[in-house]
Amino acid sequence: MKFMIDMKRIFIKQKGKILLVGCFLGLLSMQSCDYLDVVPDNIPTIDHAFRNRVEAQKYMYGCFSFMPDVGNISADPAMLGSDEIWVPEILAIYTANTQMRKILLGEQGTVSPIANYWASLRNSQTLNGGKSLWTGISDCNIFLENIHKPFDLQDEERLRWTGEILFVKAYLHYWLFRQYGPIPLMKKNHAIDAPAEEVQQYREPVDEVVDYIVSLLDEATELLPLTIENQASEMGRPDKCIALALKAQLLTLAASPLFNCNPDYAGYKDNRGRILFPQDKSVEQTKWEKAVDALKAAIDTAHVAGHKLYDFRVAFPSTTLSEETVLSMQVKGAAIDRWNTEIIWGNSRTNGNMDLQRLCSPFFTTSHRIGGGGTRSYAPTLGVVEQFYTKNGLPIEDDKDWVGKNLWSLRTSTANERQYIKQGYQTIELHFDREARFYGSILFDGGTYYGNSRINQDNTSSSTYMWVAEMKEGALNGFTIGDRSSYTGYVCKKLSHYRSSIPDNATGVDYVAYSYAFPIIRLADLYLMYAEALNEWKSIPDNDVYEYIDKVRVRTGLKGVVESWSEHAVAEKKDLPLSKEGMREIIQRERMNELAFEGSRFWDLRRWKLAKTYLNRPIRGLNVYGNTDTNFYLETVLFQPKFETKDYFSPIRTNAMLYNLNMLQSPGW
């Protein structure tokens, strides 16, 4: 999101009465209120902050600055906190912060929580600049209460800004709700003389939290433009499509097993005796119906606004590229082509994704390895490599063509396979005959790389034009320098822009020219959520369910789910798409493949209540210390994570709990 101004907190004196900007926050986030005891005469007033359009706009940008930096590995727990990626503990060469990986390592705790968006830390330079999201919500409240004051602000702009800050307020509540479960609702700021029972807030029940956030988004939607007209400077600011998409995502979250009639939290209640997680099964399906309606509205509005699935043929109309290259670029381009038609909402702050591109870029020459032209440290795990479909469009374990196949046996690539694997190169069966999204997302030993200035041609007329990664120890991309090397034997090439290039003799790299808006929500995400919600709402899946998942599959050269399973599945799985349970399994796998490395898996596994299954499996890779096929292609356990029921939600910092006796700690903590 292109919000460049980060205002410091403004403390306020209005009509002789100090408004409480910090005390409510203190009770939520352990932010002391002693600085409010005396307000010096030279402290800006509300009237000063909103005296004209320019000052009000600065304050608005200050509210925007609280939005979490999605896609930044230092700030977004979804990037390193799941089992998709394994990185070295210290990436000193680029001072990348790998704190978030400690979530996967089981080092979360209440004394100093990881991904601490609840309790701000004074003078902290860490997560979100040390700012609590509650502070951001407070600032939104101040803005909404005072935006009527600037004398030179036109009504049209005033309404739009109001809609934007309503959206920001909704999103900050949403983020806290998704991360911590039931939360207090900060509908307004409280006066300094407010009674203790008013200020010491409670967590509110899930349904009330959802209804309140929905009300904010509905109000925002009415005020926001359909699309952003000034695309040069305002892309990423909220519009109707973004607000409706977030509402749909929220209602899907609320209908999912983590929040909807979850028996694990049946006894989670406050000192008033209020049960915070809904347990009424009679309305369980109603929530899926609400999600269905919200998703359809979001999709229809996105279509009206011109959003459609990305097509590399349209974005890059070259006649010289093979069909294999085009298909592999479909999902990669959908994620990283800046403001392409599929992006509903993207984060245009560039620092995070430039670091990400460095961590996902292989070495193309010896100079790169010596000088730091890439790092290839953002390493996909073996579990994710195995997760992608076969070329027949279904999991390896379901594909009858793969029954009895030794995935670790060596095979030599032929001329027909040269677009994805170097012709004449020996690699394992696991890397052959996979879906195009696999080849667009993961770079492996012997795999080809489209890009790094070679964009007008692939291996259509030659077997040597595309870059090739050799990952064994001693090879160009093999394990050499600890903090610049893949620890799994794989590289995530999906998040490195194909137009980003490193000169052959470079000792450094600059990705500014092709930094991209990291995808927060894209159209394929909405399609797959819609298929999921329809499947859960209906008694059995039908053509409406199949339509939206098949739209995503066809884009990368796969057949529809019913056809794929009927033609290629083992006998006992042929009817998998015909049942609700079977389609649930298929849709979940489809989301993990389509949205791989985009942060969705972290939240999806939690809302599906599957994190205890996936995140208790060993993190595996290849033996990166091997320098021959025999000792490189050895399955290696890198770490054994441990995920418990309490890990579905983040804990609140212990010290913050001391300031509010009505506040429950997160479940299990």
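Helices (H or I, at least four residues) and strands (E, at least two) are taken as DSSP runs and numbered from the N terminus. Axes are lines fitted to C-alpha atoms, for helices over the stretch in contact, and angles run from 0 to 180 degrees between N-to-C directions. The structure is a predicted model, in which local features need pLDDT of at least 70, side-chain atom pairs count only at pLDDT 80 or more, and totals for chains, interfaces and linings use all residues. Residues are numbered from 1 along each chain as its sequence is written, and side-chain values use heavy atoms, with hydrogens and water left out.

The protein contains 26 helices and 14 strands. Of its 669 residues, 63% are buried (under 20% relative accessible area, with exposed meaning over 50% and partly exposed in between; 1.4 Å probe, protein chains only). Contact is defined as heavy atoms within 4.5 Å. Among contacts with a separation of 6 or more, 72% are between residues 24 or more positions apart.

Two helix pairs were examined. Helix α20 (residues 543-555) packs on helix α21 (residues 561-568) at an angle of about 75 degrees, and the two axes are 9 Å apart. The angle makes α20 roughly perpendicular to α21 (65 to 115 degrees; angles under 35 count as roughly parallel, over 145 as roughly antiparallel and the rest as oblique). On the α20 side the contact is formed by Y546, I549, D550 and R553, which meet V561, V562, S564 and W565 of α21. By class, the contact of α20 with α21 has 5 nonpolar, 1 polar and 2 charged residues. In this classification Ala, Val, Leu, Ile, Met, Phe, Trp, Tyr, Cys and Pro are nonpolar, Asp, Glu, Lys and Arg are charged, and the others, Gly among them, are polar.

In the second pair, helix α9 (residues 206-223) and helix α11 (residues 240-255) pack at an angle of about 165 degrees, with axes 9 Å apart. Helices α9 and α11 are therefore roughly antiparallel. Their crossing is left-handed, a term used if the near helix is turned anticlockwise from the far one by less than a right angle, clockwise being right-handed. From α9, residues V210, I213, V214, L217, D218, T221, E222 and L223 take part, and they meet K240, A243, L244, L246, K247, L250, L251 and A254 of α11. The contact of α9 with α11 divides into 11 nonpolar, 1 polar and 4 charged residues.

I213 lies in α9 and is buried, with a relative accessible area of 0%. Leaving out residues up to four places away in sequence, I213 touches A170, H173, Y174, F177 and L250. The C-alpha atoms of I213 and L166 are 9.6 Å apart, although the two residues are separated by 47 residues in sequence.

R160 is located in helix α7 (residues 155-180). Its relative accessible area is 18%, and R160 is buried. The side chains of R160 and E234 are joined by a polar contact of 3.0 Å. A polar contact is a pair of N or O atoms within 3.5 Å; within protein, one must be able to donate a hydrogen and the other to accept it, and residues adjacent in sequence count only if both atoms are side-chain atoms. Beyond neighbours within four places in sequence, R160 is in contact with L223, L224, P225, I228, E234 and R237.

Three further buried residues lie in loops. S486 is in the loop between β10 (467-468) and β11, and has a relative accessible area of 4%. The side chain of S486 reaches the backbone nitrogen of G489 at 3.0 Å. Neighbours within four places in sequence set aside, S486 contacts R376, A379, M471, F479 and V624.

S496 occupies the loop between β11 (491-492) and β12 (518-522) and is buried at a relative accessible area of 2%. Residues touched by S496, not counting those up to four places away in sequence, are K332, Q357, C360, S361 and Y449. With Y449, the side chain of S496 makes a polar contact of 3.2 Å. S496 and S441, 55 residues apart along the chain, have C-alpha atoms separated by 9.5 Å.

A517 is also found in the loop between β11 and β12. A517 counts as buried, at 3% relative accessibility. Its C-alpha atom is 9.8 Å from that of V70, which is 447 residues away along the chain.
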